[in-house]
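The following paragraphs lead the reader through the structure shown here.

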Amino acid sequence: MSHSLRVAMLYIALTLGANAALAQELGNIPLEGDMRGLVVHPEPVAASATPFVDMDDVEHSLADYAGQYVVLNFWATWCAPCREEMPSLNELQQALGSETFSVVTLATGRNPPQAIRRFFEEEDITELPMYRDLNQQIAREMGVFGLPITVILNPEGQEIARLRGDAHWSGPEAMALFDALLAEG
């Protein structure tokens with residue numbers, strides 16, 4: 001299938017029922033490379049309100065990020081593809097992190113704090129939060145089966161897109177997507 005035909009099909013699919021602003025922006029962006037697997041929802045989907053904890057067991061929630069686009073990554077210390085993609089998530093936060101954009105990493109399942117710290121140290125992850133979804137409750141509520149899974153939340157805290165598997169989140173395709181979203185907001 002040609003590039004132009006894929007872009008046209010994506011544009012038509014998005015504009016026929018998707019969040020109009022998102023559809024308009026994404027219709028102009030070819031979802032290529034690692035972003036071609038991104039599934040944009042026809043309508044925003046509620047995200048979990050369940051709290052998660054940091055390394056000091058202090059509770060946080062996605063509501064803490066209200067007003068921001070959030071790239072929410074579900075990962076685990078034992079997940080090889082997670083290890084591959086985490087540096088690009090760190091680079092994405094370095095490049096775009098602001099009052100309107102955050103990358104949030106949520107270790108789901110059995111991930112002891114010392115293993116998370118070691119993982120971040122080994123991969124030189126310095127810009128991302130170390131949050132834990134202790135009993136995989138948030139992952140279950142949000143339909144996360146398999147890792148890694150990354151969801152994009154709009155400033156209202158709703159899921160607008162999802163990608164299964166690892167990706168290069170600081171690559172040109174991803175940056176074009178986020179630049180368009182931030183320009184829209």
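At a relative accessibility of 27%, Arg-83 counts as partly exposed; the term covers the range between buried (under 20% relative accessible area) and exposed (over 50%), computed with a 1.4 Å probe on protein chains only. The model is predicted, so local features need pLDDT of at least 70 and side-chain atom pairs count only at pLDDT 80 or more, while totals for chains, interfaces and linings use all residues. Residues are numbered from 1 along each chain as its sequence is written, and side-chain values use heavy atoms, with hydrogens and water left out.

Arg-83 takes part in salt bridges, defined as a side-chain nitrogen of Lys or Arg within 4 Å of a carboxyl oxygen of Asp or Glu. Its partner Glu-122 has the closest N and O atoms 3.1 Å apart. Because Arg-83 lies in helix α3 and Glu-122 in helix α4, this pair ties together parts that are 39 residues apart in sequence. Glu-123 also meets Arg-83 in a salt bridge, at 2.8 Å from N to O. Glu-123 lies in the loop between α4 and β6, so this second pair links parts 40 residues apart in sequence.

Helix α4 spans residues 113–122, and its buried residues are Ala-115, Ile-116, Phe-119 and Phe-120. Helices (H or I, at least four residues) and strands (E, at least two) are DSSP runs, numbered from the N terminus. The buried residues pack against β4, α3, β5 and β6, contact meaning heavy atoms within 4.5 Å. Thr-77, in the loop between β4 and α3, touches Arg-83, Asn-111, Ala-115, Ile-116 and Phe-119, not counting residues up to four places away in sequence.

Strand β4 leads on to β7, to which five bridges join it in an antiparallel arrangement; two strands pair if DSSP finds at least two bridges between them. Phe-74 has Ile-149 of β7 as its bridge partner. Five of the five residues of β7 (residues 149–153) are buried, so the strand is largely enclosed by the rest of the structure. Five bridges also join β7 to β8, again antiparallel, with Thr-150 opposite Leu-163.
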